[in-house]
Amino acid sequence: MTDPDLAALVRRADPDRFLGALFAPPEARRWLFVLYGFNHELARAREVASQPPLALIRLHWWREVVEGAERAHPLAASLRAGLAGGIFSAAALTALIDAREAEAEPIPDRAAFLAYARGTAGGLARSAGTVLGVTDPDALAALEDLGTGYGIAGILRAAPALEAAGRDLLPQDGTDPATLRADAARLLRHRAPRQGLAAALPAVLARRDLRDLLARRDLRRPAGPAPRGLADRIAVVFAGLTGRC
């Protein structure tokens with residue numbers, strides 16, 4: 001997959017992470033786009049499947065790619081190249097696939113929801129940190145927490161749209177969304193390690209989203225995912241230029 005194609009895919013499918021990746025060094029940026037493109041394919045598994053078992057089949061298809069199977073998919077060759085070059089960890093990519101399996105069934109409770117957010121968005125942020133050369137365990141843990149907080153905020157923000165599409169990623173035990181918002185806020189208190197800044201910048205948007213949710217009187221009906229505005233992009237650019245996230 002060519003670099004322009006990768007960039008166009010991520011810009012369309014994951015604009016928040018695309019904007020953050022622009023602050024990565026050029027070579028690392030390319031691999032971030034591969035990683036984020038892979039994540040998009042995993043997220044699509046449940047979106048495009050008419051039945052949960054079909055989503056699991058799609059996830060297994062990508063598991064086989066990570067394990068070395070050759071597949072006629074424009075992203076698969078780039079992913080294999082990253083694995084062969086030591087850019088990606090097969091175990092970490094497999095963990096991202098495993099975490100997506102939770103989407104095939106209703107998420108039962110808050111604990112399962114938090115594990116799902118950590119395994120998907122949190123694991124993705126950690127993997128992005130390794131692409132950027134972060135090796136310190138504490139720094140990687142901070143990136144994982146920031147990614148988890150971003151994932152929770154994103155689910156709350158998208159809940160109405162997901163419900164309209166017949167999907168629900170919120171815990172089914174009646175957990176108040178205000179509690180989940182507080183969970184996300186706690187995780188988003190971390191400051192990003194400088195080297196991993198490009199992986200952490202989506203947290204800037206998550207903090208803004210949480211403030212918008214907090215301003216609503218009824219947190220049981222979180223705000224829908226309005227398009228990102230100029231103020232959002234300026235906030236990310238400012239954090240990226242100053243290194244304060």
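For this search, I counted a salt bridge when a side-chain nitrogen of Lys or Arg is within 4 Å of a carboxyl oxygen of Asp or Glu. I kept in mind that the model is predicted.

Entry 1. I started with Glu64 and Arg71, whose side chains meet in a salt bridge at 2.3 Å, N to O.

Entry 2. How many salt bridges does a search of the whole structure find? I got 16.

Entry 3. Next I picked Asp16 and Arg228, whose side chains form a salt bridge with an N to O distance of 2.9 Å. Asp16 sits in helix 2 (residues 15-21) and Arg228 in the loop between helix 11 (202-214) and helix 12 (230-242), so this pair ties together parts that are 212 residues apart in sequence. Are these two residues buried or exposed? I found both Asp16 and Arg228 buried.

Entry 4. I stayed with Arg228 and noted a salt bridge to the side chain of Asp209, at 2.8 Å, N to O. Asp209 belongs to helix 11 and Arg228 to the loop between helix 11 and helix 12, so the pair ties together parts 19 residues apart in sequence. Asp209 has 7% relative accessibility and therefore counts as buried, the cut-off being under 20%.

Entry 5. Which residues are linked with Arg228 in a network of salt bridges? I wrote down Asp16, Arg157 and Asp209.

Note on methods. Residues numbered from 1 in each chain as written. Predicted model: local features only at pLDDT ≥ 70, side-chain atom pairs only at ≥ 80, totals over all residues. Heavy atoms only, no water. Helix = DSSP H or I, 4+ residues; strand = E, 2+ residues; numbered from the N terminus. Buried < 20%, exposed > 50% of the residue type's maximum accessible area, 1.4 Å probe, protein only.
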